[in-house]
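Visitor: I am new to this one. Could you show it to me and walk me through a few of its features?

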Amino acid sequence: MRSALRTVPPVLLSCLLLAGCSSIQLGTSTSSDSSSPVPGAPGTSAHAGSGKAIAVGAGPQKHYTVQQQPAAGSCHYRYEHGEPLEDPACTPGAISPAVTQANLKSTICRTGGYTSGVRPSAYVTGKEKKLNAASYGFTGSMSDAEYDHLISLQLGGDPNDPRNLWVEPADPGHKKGAGVNNKKDPVETKLHTAVCKGQVTLAAAQQAIVTDWTTALNSLHLS
């Protein structure tokens with residue numbers, strides 16, 4: 001017994017000889033499990049994979065008000081695969097707390113639709129669009145640009161959080177005056193279908209959109 005005690009560090013030995021130290025376990029770690037969830041698996045949070053956590057907005061409101069936008073000229077478009085992308089510093093995205101993985105059937109996947117009941121009025125978004133155009137330095141035709149929810153309403157994006165809305169320019173080669181017509185909308189629809197079919201989680205779809213909508217389908221193996 002004496003030879004065994006010699007192998008125990010003096011500080012720990014003293015503790016073991018005192019009352020109340022019986023709960024100490026040798027050779028165990030107090031750190032939590034460091035294993036990460038499989039991206040897209042049920043229960044994965046909105047920061048699935050290597051992306052940053054997505055902000056949570058106020059959610060649907062009975063009465064929306066015009067939201068303050070970033071300072072004029074402070075936001076800058078970037079282009080991937082020839083398509084316009086948002087400035088992640090100005091438009092990082094925001095999700096609605098009213099839409100979760102657990103309530104998809106009663107929210108974005110419900111029969112009869114969801115978006116029309118939570119969308120802000122054109123009066124509010126029209127004013128925000130003009131302000132946001134100044135934020136991005138957009139000088140093109142406003143009728144050809146979409147005031148876009150980065151994380152679309154059909155993917156649980158927050159309806160009126162300024163972090164989730166930006167003036168999206170028309171696609172390259174778009175005929176001036178032809179109205180809104182971009183390639184992001186079909187991507188959002190395919191992601192919505194995949195979420196409602198259980199092919200990917202809501203969090204995975206949201207993260208794919210904020211990372212790069214032009215690669216979202218490929219990154220989730222949905223293309």
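Visitor: Which residue just after α4 takes a positive phi?

Guide: This is a predicted model, where local features need pLDDT of at least 70, side-chain atom pairs count only at pLDDT 80 or more, and totals for chains, interfaces and linings use all residues. Residues are numbered from 1 along each chain as its sequence is written, and side-chain values use heavy atoms, leaving out hydrogens and water. Helices are DSSP runs of H or I with at least four residues, strands are E runs of at least two, and both are numbered from the N terminus. Just after α4, the residue with a phi of about 80 degrees is Gly 198.

Visitor: How many residues apart in sequence are the parts tied together by Cys 109 and Cys 196?

Guide: A disulfide, meaning a pair of cysteine sulfur atoms within 2.5 Å, joins Cys 109 to Cys 196, with S to S at 2.0 Å. Cys 109 sits in the loop between β4 and α3 (122–136), while Cys 196 belongs to helix α4, so the parts tied together are apart in sequence by 87 residues.

Visitor: Is Cys 75 buried or exposed?

Guide: Cys 75 is joined by a disulfide to Cys 90. Its relative accessibility is 2%, so Cys 75 counts as buried.

Notes: Buried means under 20% relative accessible area, exposed over 50%, partly exposed in between (1.4 Å probe, protein chains only).
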